[in-house]
Amino acid sequence: MTQKLTTSGTKTEQKTIIELLRTRAVQQPKGHAYTFMIDGKKPSEPLTYEALDRQARAIAAQLQQYGAEGERALLLYPQGLEVIAAFCGSLYAGVIAIPVPPPESGRLKRTLPRLRSIVKDAKATIALTTASIFELIATVKDEFPEFEQMRWIDTAQIDLNLAQQWSDPLVHHDQLAYLQYTSGSTSTPKGVMLTHYNLIYHCHYLQQACGYDRNSVSITWMPYFHDYGLVEGMMVPLYNGHPCYVMSPFAFIKRPLNWLRNITNYKGTHSQAPNFAYDLCLRKIKAKQIAELDLSSWEAAGNAAEPINPLVMAKFVETFSACGFKWEAFAPSYGLAENTLLATTKPKGTKPVLLAVETAAMERNQVVVTDPEKTEGVRIIAGCGQKVCDTEIAIANPDTSTRCGENEVGEIWIKDPSVAQGYWQRPDVTKATFCAYLEDTKEGPFLRTGDMGFIHEGELFITGRIKDLIIIRGTNHYPQDIEWSVQELHPALRSDYGAAFSIEDKGEERLVVVQEVERRSGEIDTEQVIADIRQEIAEQHEIQVYGVVLAKPGNILKTASGKIQRRACRDKFLTGTLTTVADWCENPEFSTKFRSLQGEVESLAEKLTTSKS
Amino acid sequence: MSNLSMSNQTVVENWLKSQLAEQLSLDADSINVSEPLTRYGLDSIDAVTMVGDIEDVIDEELPSTLFWDYPTIAKSAQFLADNYDVSALGKTTSEPIEELEDTAIATATPAKTKSKGWGGLFGRGA
């Protein structure tokens, strides 16, 4: 093991998190690693590097007693410091960690099917967890056949003295450290394979690109099972050697003020969240509460993991500049688990970049910059910053795999040591996603992100996605998952003739479901069916549906290979050209009734103008 | 409490109904207290947000999972009425206690308003 450990802000010599934490425990045993904020506000005892290292060794020693090296272990925890120790413990034992959302009572309907499919996909044999989560899962073990075959370990029960029996497995940095299951549908989850090198290399990148230094303080509530929470939220502080205050995502959502209070109280410099979180602060925090905040210490307010609404950014800075929040603090970023985390971010101390482009040109994948104050035909896009260190980005035509012109929108391709090793045991999808080459220059291999965008003056802008993936509140939803749960509700709903897609309303992505109804289904209570659909989606997928259309057969088009053409369906919805049986939408402008009324008014107006001329 | 005409449970139910109606743009009268909240499209983030709203009014720490553990208005209202002092929910409809208490901080800086649309946010500079 290399013993040289430099101070914050510079690259460490360690090649794995194991070496890193071991060295910190020796050189700064009492250094402040993490504090958990109980209920989002009461600080726990600080966890030191020495204590974290000891816990990790004890957990690892236990895993070694079971001969678990190379096995996959689920991490099922409430947000907190235990899961950080379990993650490090797995790595210390050469066990591949799988951070996943813990099941919760009352939400098992959503969490259990996904958990099961991950267990099956990864062939996970171990679960590190708490007593209460274990008991909860035990209550549904009949629906979880893999339960009995797995070894369940309540890490709180592990004797810390076991730490002395740990033997360093001398893990090579090219070995897998963890699997990140953020992509893939519920039915076919895809585990992104990250090595020790990916993680430590990327931590170094973020240290540079996000401007971490010896005075940094992290505050994070992003969940440990999300790449943003795990990598930048929890691992970068360990890498950079600065304290990290961890909150539960629930404590944030319940009271967004908790987040900003912690930044105030601990002089947080780095804290990240998706767009919706900044919006939630605007909606929930009162003017009087703003007066007690001081956000002047906040240097990098990371903003990624879902499309960024520039209006939310503008309103946030307008509102919170009263308590010291600076426009320069916003750090819009772009990334994905397949690249460990970030590919671009806004450099510290510079202003975020907003760009006004012509919408008509954008629809043809052309970038035409225009005047932001124009009232029509202009789209304001928030830039996602510049390339993280030496990350290579190509904008490629997704159909021809050739490099796009300067003012052309194309698919974002990434080449970097941060790029993951592929998807766990899925060679075909791995090849298609991770091994793309530019046809014209033969450069590669690139990671295909599936996201569309362009680079303008060194700044990356995201414009949409090739895949039909729906991202709402930072969570990816696969349309087929939603379509299938709808079709199971009622025999009159045609199997494989539904389309779930998102539309943008007031800068926010919202879910719309169009479902064909069987011709011979007779009388159905459409109001009831629509209510059932909304309830099912809220329960299974935890999304509020924006609009539901029960359509006549013939509305859902398929490609020759039988793929549902969701885009075409979306266009029909937006232009009001679906033939509907019944529909409902939160915004009545999209409902048939409104449209026919509007149509009448328009044709009347047209008649009036034509008669005049 | 002199007003005993309404049971605590009803007080909570009414409060939750109006809150849900506001959050999801529904007509409060159309909400059935025995239907699962998810029926009205309440998603997980809104559900936890609503717990925070109740906390603000009754000034107590509540479980974030309240609306998963008690998934209808009737059930959650009963849980709240049985375990907490919910009288504050009957007094005010939406004004949180915290706000009423600290009126002393009258100097609270109001949010700056900018009328020029995107104003100074366009343009780059270190």
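1. Which residue in strand 21 of chain A stands opposite Gly410(A)? That residue is Gly453(A). The model is predicted: local features need pLDDT of at least 70, side-chain atom pairs count only at pLDDT 80 or more, and totals for chains, interfaces and linings use all residues. Residues are numbered from 1 along each chain as its sequence is written, chains are lettered from A and ligands numbered from 1 in the order in which they are written, and side-chain values use heavy atoms, with hydrogens and water left out.

2. Overall build. Chain A has 18 helices and 28 strands; helices (H or I, at least four residues) and strands (E, at least two) are DSSP runs, numbered from the N terminus. With a radius of gyration of 25 Å, close to the 25 Å that the globule rule gives for 613 residues, chain A is as compact as a globular protein of that length. The radius is taken over C-alpha atoms, and the rule is 2.2 Å times the number of residues to the power 0.38. Along the principal axes, the C-alpha atoms of chain A fill a box of roughly 90 × 60 × 55 Å.

3. An open sheet of 4 strands in chain A has the order 19-20-21-22, with antiparallel pairing; two strands pair if DSSP finds at least two bridges between them. Strand 19 (392-396) and strand 22 (459-465) of chain A are at the edges with a single partner strand each, so one side of each is left without a neighbour in the sheet. On average, neighbouring strands of this sheet are turned by 50° against each other, direction ignored. Within the sheet, 4 bridges pair strand 20 (residues 410-415) with strand 21 (residues 447-456) of chain A in the antiparallel sense.

4. A sheet with mixed pairing. Another open sheet of 4 strands in chain A has the order 25-26-27-28. Its edge strands, strand 25 (493-505) and strand 28 (580-585) of chain A, each pair on one side only. The twist from one strand to the next averages 15°. Strand 26 (residues 508-517) and strand 27 (residues 545-551) of chain A run parallel and are joined by 6 bridges; Glu516(A) has Ala551(A) in strand 27 of chain A as its bridge partner.

5. Helix 1 against helix 7. Helix 1 (residues 17-27) and helix 7 (residues 227-240) of chain A pack at about 55°, with their axes 10 Å apart. Axes are lines fitted to C-alpha atoms, for helices over the stretch in contact, and angles run from 0 to 180 degrees between N-to-C directions. That angle makes helix 1 of chain A oblique to helix 7 of chain A; angles under 35 degrees count as roughly parallel, over 145 as roughly antiparallel, 65 to 115 as roughly perpendicular and the rest as oblique. In this contact (heavy atoms within 4.5 Å), Ile17(A), Leu20(A), Leu21(A) and Arg24(A) of helix 1 meet Met235(A), Leu238(A), Tyr239(A) and Asn240(A) of helix 7.

6. Helix 1 against helix 3. Helix 1 and helix 3 (residues 81-92) of chain A pack at about 115°, with their axes 9 Å apart. Helix 1 of chain A is therefore roughly perpendicular to helix 3 of chain A. Here Ile17(A), Ile18(A), Leu21(A) and Arg22(A) of helix 1 meet Cys88(A), Leu91(A) and Tyr92(A) of helix 3.
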